[in-house]
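Hello,

Here is the structure I promised to pass on.

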Amino acid sequence: MRHTGFKIRIFPTTEQESKFRQYAGIARYTYNWALSCRELAYSATAGQYGISHSDVSYLLTLERNYIDWMGAAPRNIQAFAILDCDAAYKRFFTKIGAYPRYKKKRYSHLNFSYEYQPGVDFNFVPKAGRVKLNYKDPQYKIIIANEENL
């Protein structure tokens, strides 16, 4: 099954804009955290074993209990960050891409991915409310916000 992402122009309020910036920061932190989990697991087993996606997701659930500000973003955003980390590793091991690097706040774009839930109002983002959108086709699956949109 292939997932397709679309960039959609959004018109957030100032409160929503600050929440989206927070979501982007949480996504960056989650990606870096997942990358460090994979590196620790690989080095702890002397390069014989890695850590699976489900193990990283489980560890993230435990991590969310200790870090209060991680609960400010919907879980989908963090799940997509872990999937991005997994995809980067797959590209590396299939010799398509370079070794995954940590995302730095200074050099990375403010972006996050969010999956559209069927049966839910399309322009509603949990914990941010209704967002004004400009799109032509209502069949979009993923909302991607980046700093150009904020």
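Below is what I found, starting with the overall layout and moving on to single residues.

A word on the basis: this is a predicted model, so local features need pLDDT of at least 70 and side-chain atom pairs count only at pLDDT 80 or more, while totals for chains, interfaces and linings use all residues. Residues are numbered from 1 along each chain as its sequence is written, and side-chain values use heavy atoms, with hydrogens and water left out.

**Overall layout**

The protein has three helices and seven strands, taken as DSSP runs numbered from the N terminus (helices are H or I, at least four residues; strands are E, at least two). Along the sequence they follow the pattern β-β-α-α-α-β-β-β-β-β. Of the 150 residues, 38% are buried; here buried means under 20% relative accessible area, exposed over 50%, and partly exposed in between, with a 1.4 Å probe and protein chains only. Among contacts (heavy atoms within 4.5 Å) between residues at least 6 apart in sequence, 77% join residues at least 24 apart.

**The core**

The largest nonpolar core has 28 residues, and Phe20, Tyr23 and Phe112 have the most contacts inside it. Such a core is a set of buried Ala, Val, Leu, Ile, Met, Phe, Trp, Tyr and Cys residues joined through side-chain atoms within 4.5 Å. Helix 1, helix 2 and helix 3 (75-93) each supply at least two residues of this core, and helix 1 gives the most, with eleven.

Threonine 30 sits in helix 1 (residues 14-44) and counts as buried because its relative accessible area is 0%. Leaving aside residues up to four places away in sequence, threonine 30 touches Leu60, Met70, Gln78, Ala81 and Ile82.

**Salt bridges**

Side chains of opposite charge can pair when their charged atoms come close. Counting a side-chain nitrogen of Lys or Arg within 4 Å of a carboxyl oxygen of Asp or Glu, there are two salt bridges.

- Arginine 21 and glutamate 17 meet at 3.5 Å, N to O. They are four residues apart in helix 1, so about one helical turn separates them. Arginine 21 is partly exposed at 36% relative accessibility, and glutamate 17 is partly exposed at 24%.
- Aspartate 86 and arginine 38 meet at 2.4 Å, N to O. This pair links distant parts of the chain, with aspartate 86 in helix 3 and arginine 38 in helix 1, 48 residues apart. Both aspartate 86 and arginine 38 are buried.

**Cysteines**

Cysteine 37 is buried at 14% relative accessibility, and cysteine 85 is buried at 0%.

**On the surface**

Tyr58, Leu59 and Leu62 make a nonpolar surface patch of about 270 Å². Patches are made of residues with over 30% relative accessible area and no salt bridge, like charges being joined within 9 Å and nonpolar side chains (Val, Leu, Ile, Met, Phe, Trp, Tyr) within 5 Å; accessible areas come from the Shrake-Rupley method with a 1.4 Å probe, and for residues only the protein chains shown count as cover. Tyrosine 58 lies in helix 2 (residues 53-66) and is exposed, at 53% relative accessibility.

Best wishes
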